[in-house]
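Hi,

Here is the structure we talked about. Please have a look, and then read my notes below.

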Amino acid sequence: MNNLIVLPLLIPLITAVILIFLSKRVKAQRWISLISILLNGGSVVLIMNQVQEKGIQTLYMSGWLPPYGIVFVADMFAVLLVMTTVIVAAGCLLYSFRTIGEEREKYYFYPFFQFLLAGVIGSFLTGDLFNLFVCFEVMLISSYALIVLGGTKRQLRETLKYMLINIISSALFVASMAYLYGVVGTLNMAHLSVRVAEAGQGGLLSVIAIMLLVVFSLKAGLFLFFWLPGSYRVPPTAVIALFGALLTKVGLYAMIRTFTLIFYHDQGFTHNIIAWMAIATMVLGGIGAVAYKDLYRILNYNVVISVGFIAFGLAVATKDSLDGTVLYLIHDMIAKALMFILGGMIISAAGTSKLGEMGGLIKRYPLLGWMFFILALALVGIPPLSGFPGKVLMVRGGLAEGEYLLTAIAVASSLIVLYSLMRVFIGAFWREDPLLPVQEKKKWHSSAYVSAIGLLVLVIGLGVGSEWIYSFAGQAAEVLTDPSIYIEAVLKE
Amino acid sequence: MELYMSIAIGVLFAVGVYLILSKSILRIILGTSLISHGVHLLLLTTAKLKTGAAPLLGEQAETYVDPLPQALILTSIVISFGVTSFFFVLAYKAYQRLGTDDMEELRGEEDE
């Protein structure tokens, strides 16, 4: 029992409620949001220390022992992702201060932002499948509001599609939980793991596993990503950065949790399907990233590629590749947030999102250009930067398992990422001046620079300090390779 | 009894999917509501429709029906109610701004 664990969820929730009453006072809202996120970061650091020293921390809501009550479980994997979420949120919040516009700030942007955080953090920490569904819904309903806030025609059009997809996938989620409850009679994850191991993962449970895979793939954009490129180009940059960094990763987290804790008995069947989905995602995402000449589209397809890459780590499922997956997930969340923030800055500097109409930005925005260049190298996985350690471990794991095709596609996808981002760099920064009349030099407020540079420092720091990060990620992957640690911590107190 | 319920749920799902695949936004929203009805009935059915008293301790009965799925359904109902009402308002707003309720016409990139 450890009451600290619920703090990362409670802080954004309470902040959001307070912010609703201050909706017209923009300055107060900004300060309160920022202070709340810093507080949250502090609480997560405390929890992280405890998990590192004493192992997995649990909290039984109102003292009901599992499997009867809802349980919050903070293992290293979840806490690392919560930490990353708080960092990404701080970056996006700082960037949104001066770019999101007064109108949106007055119409509950910050409360929605905090509710989204509460949903994401709750999804990471919960140890109960139905509670995961509820946290998903908190996150999704906030994301509907954030995506449509502003009400331009394009936003309305894309939100309709985004909502429809997510309503269907949520309905399927409830349906798969109904089947699961019908078969094993429990919804607590640790207890589910025990019951599924007892029953043996037969045909019926494999069907439910695949249903859950479909649900989480719809949320994460693994192979079923047809909604993503359209939906992720309509809201303002700060919101896209938040979505690209957090929402798809929550789906991936749920997938990793499900297939390492509950349905790990029939890997030849389930993990094979995940492997093929990962291959298809990387290939299709790569085609999209190369095909389009619109910056938004290129960046969105890069999100799709990385989702496929993380699924490849899960499909191999050895200690090495899961270590790599945890490291890569952390890198990817931070780097994707930064990618969208820099992308938004490039688009507003050039006054267009079409690569063909940009050019010559390096003379007027040298800092922005070199930041984007370093980030592109980090996303590809060039050694001193953050993408490298995770990718190397995953590729090593893939080769050791003999998954040659999958690994080859994963390595090739890195080259595609390099090509697509360098094309952006060359098109936007190097070419001669654009055909469009040159815009006057845009000045961003210092908060936008603080957020971009801060995230970039983290991207470099994650690469340089990967030994130190690895000590945490190794502890996280231990739980993923050996479910009994998790079950012991939750059920045997 | 479970068999009849399963057939009814199957019909609800089939009709819901058919409606979601139609052009008009209102039909699509009706389809999502039918699917959520189907899902809630499914939750009730898979937990076994044993005969027993309602889960109230005042009943003093020998057996009660399973209380957990009822709690899950209640949660799920309010969530889908919230989402559906948001969806309706969104559809109304989209009709006002875009002047169409035909999904086929909501294609394209331009922000005219």
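Arg423(A) is buried yet has no salt bridge. The nearest side chain of opposite charge is Asp294(A), 9.8 Å away; a salt bridge needs nitrogen and oxygen within 4 Å. Bear in mind that this is a predicted model. Arg423(A) sits in helix α18 (residues 404–430) of chain A. Leaving out residues up to four places away in sequence, Arg423(A) touches Ala289(A), Val290(A), Tyr292(A), Ile298(A) and Leu355(A).

Other charged side chains do pair. The count is nine salt bridges over all chains. Three of them follow.

- Arg257(A) and Asp75(A): closest N and O atoms 2.8 Å apart. Arg257(A) lies in helix α11 and Asp75(A) in the loop between β2 and α3, so the pair ties together parts 182 residues apart in sequence. Arg257(A) is buried at 4% relative accessible area, and Asp75(A) is buried at 0%.
- Lys249(A) and Asp332(A): 3.3 Å between the closest N and O atoms. This pair links helix α11 to helix α14, 83 residues apart. Lys249(A) is buried at 1%, Asp332(A) at 0%.
- Asp323(A) and Lys319(A): 2.9 Å, N to O. They are four residues apart in helix α14, so about one helical turn separates them. Asp323(A) is buried at 2%, whereas Lys319(A) is partly exposed at 34%.

One helix pair is also worth a look. Helices α16 (residues 366–380) and α19 (residues 446–464) of chain A pack at about 35 degrees, axes 11 Å apart. The crossing of α16(A) and α19(A) is left-handed. Their contact residues divide into eleven nonpolar, no polar and no charged.

Best wishes

Methods. Residues are numbered from 1 along each chain as its sequence is written. Chains are lettered from A and ligands numbered from 1 in the order in which they are written. This is a predicted model: local features need pLDDT of at least 70, side-chain atom pairs count only at pLDDT 80 or more; totals for chains, interfaces and linings use all residues. Side-chain values use heavy atoms; hydrogens and water are left out. Axes are lines fitted to C-alpha atoms, for helices over the stretch in contact, and angles run from 0 to 180 degrees between N-to-C directions. Helices (H or I, at least four residues) and strands (E, at least two) are DSSP runs, numbered from the N terminus. A crossing is left-handed if the near helix is turned anticlockwise from the far one by less than a right angle, and right-handed if clockwise. Ala, Val, Leu, Ile, Met, Phe, Trp, Tyr, Cys and Pro count as nonpolar, Asp, Glu, Lys and Arg as charged, and the others, Gly among them, as polar. Buried means under 20% relative accessible area, exposed over 50%, partly exposed in between (1.4 Å probe, protein chains only). Lys and Arg count as positive and Asp and Glu as negative; His and the chain ends are not counted. Contact means heavy atoms within 4.5 Å.
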